[in-house]
Amino acid sequence: MKILNKYKKLALLSAVVLLGSCTGDEPLKESQLDLTVKPKTELDNWIDTNYLLPYNINVQYKWNPNAVDNNRFLYPPIQSKVQPVLEIVQKIWLKSYADVAGPNFVKNIAPREFVLVGGVNLNTTGTITLGLAEGGKRITFFETDNVDKRNRSNIKRFLRTIQHEYIHILNQTKPFDEKSMATITPTGYSSAWYNTTDAVALEEGFLTAYAKSNINEDFAETAATILVNSKAEYASILGTVVSPVALASIKSKEAIVVKYYKDAFNIDLYKLRDAAENNTNDVINN
Amino acid sequence: MKIKQIINYLLVALLAIQLVSCDNKEAIDSPFSGTPTERLNAKEKELNDLLMSSELGWKAVYFTDNTQLGGFTHLFKFKDGKVDMASDFNNDTSIQSSEYDIILGSTVSLVFTTKNRIHLLSDSNSFPIASLRGKGYLGDFQFLYYGQENGEIIFRTSRSFQEVRFVKAKATDWTDLAQSRLMVPNVAGATTRPLFRLLEINDGTKVSQFDFNFTSASRFATSNSIETGSSVTNNIGIAYTPTGIIVSPAVKVGSQSLSAFTYDAATGNFNATGTAGVSASIKYSTKPLVLTDDFKGVVNGPRLTYAYINGDLKGAQTNSLLFNNLVAAAKATLLPTQDFNRISLIFNDPVNGTFIQYSFTGGKGAINHYLIAKEDPVNKTIKLTDDGWSMATPPAFLADIDKQILDPAGLYLKKEKFTIRYSNTIYTFTSASSNFRMTTYAL
């Protein structure tokens with residue numbers, strides 16, 4: 001009993017010493033890292049007002065070596081080109097979805113970051129990557145220096161990136177009918193899609209050569225082709241298809257895309273296309 | 001009892017350890033001047049202050065990869081996140097403004113964050129030679145800070161760890177950029193000069209010769225020893241200066257390295273001088289450095305055809321300007337719908353013997369000039385002389401071209417190592433007395 005008491009006292013003493021042993025440390029000071037926010041330019045403020053605050057989309061136009069593939073030879077955009085390019089995206093992509101699906105649609109399902117790259121992303125195989133979507137979070141736009149708002153085909157080519165990549169993001173939220181898609185042109189898919197021209201791909205039942213890479217790209221390319229073209233332009237693309245089998249394949253894919261938009265998001269794809277067309281005309285003519 | 005004692009001692013020992021456990025660790029002498037964060041912050045500030053310290057900015061001759069590309073001179077002037085920049089990448093040597101940042105990664109580095117002249121070197125879609133497709137000029141615009149030496153800032157590029165040195169700029173450096181652009185045609189080689197070039201090095205006792213082939217687009221020259229059995233090369237990347245060129249890697253002569261060459265307008269040569277009689281020179285020669293035996297067996301052999309095919313060989317680098325000009329001048333006399341189709345040198349035809357056949361597109365009939373061919377084994381040339389035409393009066397519009405092919409000094413024939421569009425062997429015919437050189441397919 002005596003011994004036990006002694007141990008208890010000792011343990012108590014030791015606990016007090018332990019608790020009090022490190023009280024002499026100085027209080028924490030401010031971070032040594034430079035945390036001052038750099039002064040914002042007019043462009044930065046414009047981006048905050050139009051992208052960051054309403055949509056929670058961050059725009060990186062200054063070079064961040066960690067946001068791009070270091071093995072590629074790319075460069076940041078010309079600063080004066082940044083706002084015009086973002087205005088086009090805002091008008092044709094954001095506004096069209098807002099017009100048709102309501103103002104909160106893109107706010108709820110949106111990429112969290114845009115990365116702008118001035119130059120062309122030319123692959124050593126000779127193909128050109130127009131855009132990248134990483135994990136549904138970040139979309140990288142290439143060739144922003146070359147965007148010309150007076151040139152319809154130039155705008156269509158640029159807008160295809162966001163339309164295409166956004167469809168991937170939608171797919172990540174709600175999957176499309178992959179089973180039906182896979183049965184339409186099952187033998188046409190190939191990792192060497194770039195050996196096929198768009199014209200040849202069209203006769204095989206694909207709207208673009210890139211659509212041949214896999215069913216996900218096929219779905220995105222089908223939807224993007226419908227969205228970047230006007231009703232008449234799309235009809236004239238289908239008008240050039242000679243093979244009735246190919247035409248039927250494309251129409252079946254179109255039906256799957258239309259059904260997906262309707263079932264998953266209650267969006268009429270054709271209305272969305274018309275809104276995009278109106279907004280595209282607005283951009284070109286103003 | 002014994003165990004109890006042991007426990008007691010242990011308890012005392014434990015207490016003692018606790019008491020000294022929070023002894024001041026700072027007393028241990030650190031080999032560094034501060035914590036890692038403090039040191040990185042200090043480096044960051046050091047670099048920023050350094051960049052802004054030079055009143056007239058900095059100059060860097062950036063060799064992106066001196067095994068296949070030359071150097072590009074850039075000038076920078078830094079001020080609070082903004083940078084004014086100019087380069088000799090092309091004829092636009094004006095000063096442009098953009099932003100820079102100093103960032104922390106594996107170390108402190110300088111990044112040019114918005115577009116300016118230096119980004120022209122890393123445009124995947126603008127590449128000087130086909131093998132660099134998708135890679136531009138292999139340029140980088142993130143430079144890792146490696147310290148200072150003799151007032152120079154030492155950087156290494158982020159991608160390939162090429163050393164880039166920033167040297168304090170002088171006022172004249174900014175105006176010199178436009179002057180250096182005037183050096184470009186001198187390095188490419190004036191068309192009025194002889195067709196052949198060589199690099200000659202003199203180590204004070206012995207002179208060695210290397211052939212010299214410069215590609216303007218990549219600013220790079222290949223240079224191989226002409227001595228039989230020697231595999232010595234002196235491939236060099238070239239950067240332009242107002243007075244000449246800087247080469248990288250430096251040309252090694254004996255134990256000396258020569259990198260600054262001065263242009264001599266009188267001869268068109270570029271000269272570099274070391275000490276003790278050592279020198280190097282890039283010069284012109286009226287004769288091929290190595291005379292080949294490719295002419296043998298042509299004059300008295302089987303039927304052979306060498307054809308310049310206008311559609312395929314018009315842009316061949318081995319056509320000389322004189323040849324291109326003569327063809328263009330002759331074409332100008334034709335109808336707008338007509339052009340040269342082929343200029344063929346046909347040897348030992350069973351019916352027509354040796355002759356030149358000029359054929360045309362747009363419905364114009366072919367014209368033959370019959371010849372007598374002879375070998376000159378001493379000068380290693382083929383000599384062609386007139387033996388009549390397929391028409392009564394020789395056509396005047398072909399006279400100038402024809403005169404070159406019938407050069408009394410003869411033609412050098414060379415089997416080239418490259419092919420153009422087709423797998424057919426390429427042969428060049430070069431006049432032994434003028435700057436006429438025609439590229440042909442062996443058919």
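**Reading the model, feature by feature**

Author: In the largest nonpolar core, which has 108 residues, those touching the most other members are A:V59, A:L116, A:A223, B:I238 and B:I245. A nonpolar core is a set of buried Ala, Val, Leu, Ile, Met, Phe, Trp, Tyr and Cys residues joined through C-beta atoms within 7 Å. A residue is buried if 20 or more other C-beta atoms lie within 10 Å of its own, exposed if 12 or fewer, and partly exposed in between, with the C-beta atoms placed from the backbone. This is a predicted model, in which local features need pLDDT of at least 70 and side-chain atom pairs count only at pLDDT 80 or more, while totals for chains, interfaces and linings use all residues. Residues are numbered from 1 along each chain as its sequence is written, and chains are lettered from A and ligands numbered from 1 in the order in which they are written.

Reader: Which element gives the largest share of this core?

Author: Helices (H or I, at least four residues) and strands (E, at least two) are DSSP runs, numbered from the N terminus. In this core the largest share, 10 residues, comes from α3(A).

Reader: Why does the core lie between two domains of chain B?

Author: Domain bounds come from an automatic or database domain assignment. Domain 1 (37–174) and domain 2 (184–285) of chain B both give residues to the core, so it lies between them. A second, separate core of 34 residues includes B:L313, B:F340, B:I401 and B:F436.

Reader: What does B:I245 touch, if residues up to four places away in sequence are not counted?

Author: Two residues are in contact if their C-beta atoms, placed from the backbone, lie within 7 Å. With those sequence neighbours left out, B:I245 touches B:M183, B:V187, B:I238, B:A239, B:Y240, B:F261 and B:F270.

Reader: How many domains does the assignment give in chain B, and where are they?

Author: The assignment for chain B gives domain 1 (37–174), domain 2 (184–285) and domain 3 (304–442). Taken over C-alpha atoms, the centres of domain 1 and domain 2 of chain B are separated by 28 Å. Their contact takes 12 residues from domain 1 of chain B and 11 residues from domain 2 of chain B. On the domain 1 side, β1 (58–63) and β2 (71–79) of chain B each supply at least two residues, and the largest share, 3 residues, comes from β2(B).

Reader: At what angle do helix α3 and helix α11 of chain A cross?

Author: Axes are lines fitted to C-alpha atoms, for helices over the stretch in contact, and angles run from 0 to 180 degrees between N-to-C directions. The axes of α3 (residues 79–101) and α11 (residues 269–285) of chain A come within 9 Å and cross at roughly 145 degrees. Among the residues that make this contact are A:I88, A:I92 and A:V100 of α3(A), together with A:L272, A:A275 and A:V283 of α11(A). Ala, Val, Leu, Ile, Met, Phe, Trp, Tyr, Cys and Pro count as nonpolar, Asp, Glu, Lys and Arg as charged, and the others, Gly among them, as polar. By this division the contact of α3(A) with α11(A) has 7 nonpolar, 3 polar and 5 charged residues.

Reader: How many residues does the contact between the chains take from each?

Author: That contact takes 31 residues from chain A and 30 residues from chain B. On the chain A side, α1(A) gives the most, with 6 residues, and the residues of that side divide into 16 nonpolar, 12 polar and 3 charged.

Reader: What should I look for in the backbone angles?

Author: Most residues other than glycine have a negative phi, and most peptide bonds are trans. Here the peptide bond from B:S248 to B:P249 is cis, with omega near -5 degrees, and B:P249 is found in strand β14 (residues 244–253) of chain B. B:N150, although not a glycine, has a positive phi of about 50 degrees, and B:K380, also a residue other than glycine, has a positive phi near 55 degrees.

Reader: Is B:N150 buried or exposed, and is B:K380 buried or exposed?

Author: B:N150, in the loop between β6 (142–149) and β7 (152–157) of chain B, is exposed, with 7 other C-beta atoms within 10 Å. B:K380, in the loop between β21 (367–376) and β22 (381–389) of chain B, is buried, with 20 other C-beta atoms within 10 Å.
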